[in-house]
Protein chains: 2
Amino acid sequence: MTDKQRRKPGETRDKLMAAALALVGKGRHFASLGIREVTRQAGVVPTSFYRHFRSVDDLGLQLVDELGLVLRRMMREARANVLQADKLIEESVGIFVAHAQANRSFFRFMAQGLAGESRAVQEEIRSEMRFFASELANDLRRLRLMEHLSDADLDLTCDLVVRTVAFSLTDLLSISEDDDYQIAQVRKRTTRFLQLVFVGAANWNSGSA
Amino acid sequence: MTDKQRRKPGETRDKLMAAALALVGKGRHFASLGIREVTRQAGVVPTSFYRHFRSVDDLGLQLVDELGLVLRRMMREARANVLQADKLIEESVGIFVAHAQANRSFFRFMAQGLAGESRAVQEEIRSEMRFFASELANDLRRLRLMEHLSDADLDLTCDLVVRTVAFSLTDLLSISEDDDYQIAQVRKRTTRFLQLVFVGAANWNSGSA
DNA sequence: CACATTAGTGAACACTTGTACACATCAGAG
DNA sequence: CTCTGATGTGTACAAGTGTTCACTAATGTG
């Protein structure tokens with residue numbers, strides 16, 4: 001009666017996902033969310049939930065898919081904006097931080113999922129990170145950087161880079177959204193971490209391992 | 001009536017903490033634990049919980065303290081067993097993996113807490129990691145390693161080392177407890193990560209930043 | 001020994017939770 | 001048009017939740 005008309009298909013589905021994300025953004029942990037809580041936040045009756053998801057974990061899985069899109073957008077922007085090789089690290093970190101700020105809830109969900117209780121979500125996020133690392137390796141190859149490294153060693157390096165950035169994510173999420181000074185600190189520190197890694201990669205002789 | 005006699009003081013408290021840890025070890029996320037659930041697992045009546053903790057988060061805080069002890073034990077063993085400098089990394093990683101396996105629930109709790117919903121727990125764990133990094137820096141100074149680095153750069157390096165190991169923790173926890181092959185893989189990969197970092201530190205010239 | 005304190009118990013409370021069921025409305029296929 | 005399936009709503013219920021209360025047994029201190 002009140003407001004029954006069916007809008008665009010999948011609208012309620014989106015509202016539910018957005019609601020879960022909003023709760024996570026408010027500081028809640030995804031693992032502690034309940035169906036009723038999510039539907040309440042979405043302004044939908046609890047029963048509607050089952051029309052789109054079998055459980056909260058299922059919703060989580062679909063959120064990871066959307067997270068993948070966010071990450072790909074970020075990657076695209078990084079590729080388009082990083083021009084000179086000497087500022088490569090600094091600019092990439094800047095873009096990462098900017099995206100993390102713009103999609104705080106998404107990235108918080110990602111950080112939570114890494115040690116979350118749903119094995120499936122965990123594996124999906126891990127897989128996204130692997131993909132990211134392999135794309136980074138491709139880019140470095142294409143830019144003719146780190147050419148002295150074997151494929152395996154380049155993968156190793158890129159994996160470490162992605163992990164380092166991912167960890168910085170937890171730093172970023174633990175500080176206030178608009179504490180520009182601290183944000184800049186994280187950006188600087190992350191940049192130095194990556195420089196350290198790349199100096200290591202540049203001086204890596206594969207025979208040593 | 002049934003079994004009222006008071007045993008050693010703090011016994012129920014320990015049972016409650018052990019129960020929470022056991023649930024985490026079974027794959028549950030700490031943020032999703034409830035008071036009744038924990039007391040049930042501990043074999044104690046719900047009311048008893050309030051004699052020792054004000055909330056589940058409070059219990060979490062006390063758990064971090066115990067986690068600190070576990071970490072210090074690990075550090076002591078590492079200091080005692082690492083003899084030759086050339087095997088320093090490999091042996092340290094080995095000791096870390098061994099402890100992580102022996103105290104799986106504790107370390108799982110730590111990994112969860114890093115992106116957990118209790119700001120306080122998060123900050124405590126972060127503080128433990130900082131302490132760990134600073135102790136590592138002390139050790140490296142004492143061993144006359146990395147003497148060309150400024151204090152700030154040494155801190156940077158040690159911080160990155162600790163983060164890298166912490167991230168490996170999530171790898172370790174995501175694989176089966178007794179999949180020896182995969183465990184060895186994680187150990188090898190982590191070792192290489194750290195070697196990469198230290199090669200970077202060895203070739204780091206502080207003027208570049 | 002007496003006594004205040006501490007640490008345990010069970011019953012009760014007002015809510016919240018997940019899920020099932022029957023029903024209403026809409027979109028599109030025949 | 002009618003029929004069908006998808007998507008929405010309200011009601012209902014049993015089970016689980018956090019917390020309070022009054023009560024009891026053991027402990028250590030004076």
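**Entry 1. Annotated regions of chain A**

I began with the UniProt record, an unreviewed entry, which lists residues 34–53 of chain A as "DNA-binding region". UniProt positions are given in the numbering used here, feature names are shortened, and annotations may be inferred rather than shown by experiment. I note that this is a predicted model, in which local features need pLDDT of at least 70, side-chain atom pairs count only at pLDDT 80 or more, and totals for chains, interfaces and linings use all residues. Residues are numbered from 1 along each chain as its sequence is written, chains are lettered from A and ligands numbered from 1 in the order in which they are written, and side-chain values use heavy atoms, with hydrogens and water left out.

I found residues 34–53 of chain A to be 60% helix and 0% strand, with end C-alpha atoms 13 Å apart. Helices (H or I, at least four residues) and strands (E, at least two) are DSSP runs, numbered from the N terminus. The unreviewed UniProt entry also places "domain: HTH tetR-type" at residues 10–71 of chain A. That span is 69% helix and 0% strand, and its end C-alpha atoms lie 22 Å apart.

**Entry 2. Chain A as a whole**

I counted 9 helices and 0 strands in chain A. Its C-alpha atoms fill a box of roughly 70 × 35 × 30 Å along the principal axes.

**Entry 3. Chain B against chain A**

I looked up the interface and found 43 residues of chain B in contact (heavy atoms within 4.5 Å) with 42 residues of chain A. The two chains bury about 3700 Å² between them, 63% of it on carbon and sulfur atoms; buried area is the accessible area (1.4 Å probe) lost on putting two parts together, summed over both. Arg163(B), Phe167(B) and Leu196(B) supply 19% of the area that chain B buries against chain A, more than any other three residues.

I recorded 8 salt bridges between the chains (side-chain nitrogen of Lys or Arg within 4 Å of a carboxyl oxygen of Asp or Glu). Among them, Glu117(B) pairs with Arg28(A), the closest N and O atoms being 3.5 Å apart.

**Entry 4. Two helices of chain B**

I noted that Arg73(B), Met74(B), Glu77(B), Ala78(B) and Asn81(B) in α4(B) meet Glu91(B), Ile95(B), Phe96(B) and His99(B) in α5(B).
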